[in-house]
Amino acid sequence: MKLIKLQVNTDNQKYPIFIGSNILNKLQKIFTLNLINFNQCLIIADKNVPKKMINKVLKSLSKNKISIHFFTANEKNKNQKSINDILSILLRKNFNRNDC
């Protein structure tokens with residue numbers, strides 16, 4: 001599947017969503033071509049995601065400050081506590097709207 005870029009327009013901002021095959025190998029190119037810049041990034045990943053894939057993402061984001069939050073992706077964890085855990089990380093690390 002070729003890379004598809006969807007442009008989301010809200011009342012006060014625009015942002016892209018990218019969909020496609022083999023996207024992990026294209027992250028840096030996507031960021032560069034679309035002028036996507038950020039100081040830090042929080043990766044939220046299922047504990048079952050292979051380390052090889054996580055390492056690909058980390059390699060493509062190597063210039064930035066990266067935090068990873070692993071969780072067990074199941075119905076039991078789709079709750080407010082999981083959201084609060086993520087929000088706590090974002091607050092503790094001083095994320096802002098320009099971060100990823």
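Predicted model: local features only at pLDDT ≥ 70, side-chain atom pairs only at ≥ 80, totals over all residues.
Several elements give two or more residues to the lining: strand 1 (4–9), strand 2 (14–19), helix 1 (27–33), strand 3 (40–46) and helix 2 (51–60). By residue class, the lining of the largest pocket divides into 23 nonpolar, 5 polar and 4 charged residues.

The second largest pocket has a volume of about 230 Å³. Its lining comprises 15 residues, and His69, Phe71, Thr72, Asn77 and Ser82 are the ones nearest the centre. Here the elements that contribute two or more residues are strand 4 (65–71) and helix 3 (80–92). Helix 3 supplies the largest share of this lining, 5 residues. The lining of the second largest pocket is made up of 5 nonpolar, 6 polar and 4 charged residues.

Met1, Ile4, Leu6, Tyr15, Ile17 and Ile19 together make a nonpolar patch of about 520 Å². Strand 1 and strand 2 are the elements that give two or more residues to this patch, and the largest share, 3 residues, comes from strand 2. Ile4, one of the patch residues, is found in strand 1. Ile4 counts as partly exposed because its relative accessibility is 32%, a value that falls between the limits of 20% for buried and 50% for exposed.

The salt bridges complete the description. A search of the whole structure finds 2 of them. In one, the side chains of Glu75 and Lys78 meet at 2.8 Å, N to O, and both Glu75 and Lys78 are exposed. In the other, the side chains of Asp85 and Lys81 meet at 3.0 Å, N to O. Asp85 and Lys81 are 4 residues apart in helix 3, so about one helical turn separates them.

Note on methods: Residues numbered from 1 in each chain as written. Heavy atoms only, no water. Nonpolar A, V, L, I, M, F, W, Y, C, P; charged D, E, K, R; others polar. 1 Å grid on protein atoms, 1.4 Å probe; cavity = no way out; pocket = protein on both sides within 12 Å on 5 of 7 lines; lining within 4 Å. Points joined across faces, edges and corners; volume = space filled by probe spheres on them. Patch = residues over 30% accessible without salt bridge, like charges linked within 9 Å, V, L, I, M, F, W, Y side chains within 5 Å. Areas by Shrake-Rupley, 256 points an atom, 1.4 Å probe, with all protein chains shown as cover. Salt bridge = Lys/Arg side-chain N within 4 Å of Asp/Glu carboxyl O. Buried < 20%, exposed > 50% of the residue type's maximum accessible area, 1.4 Å probe, protein only.
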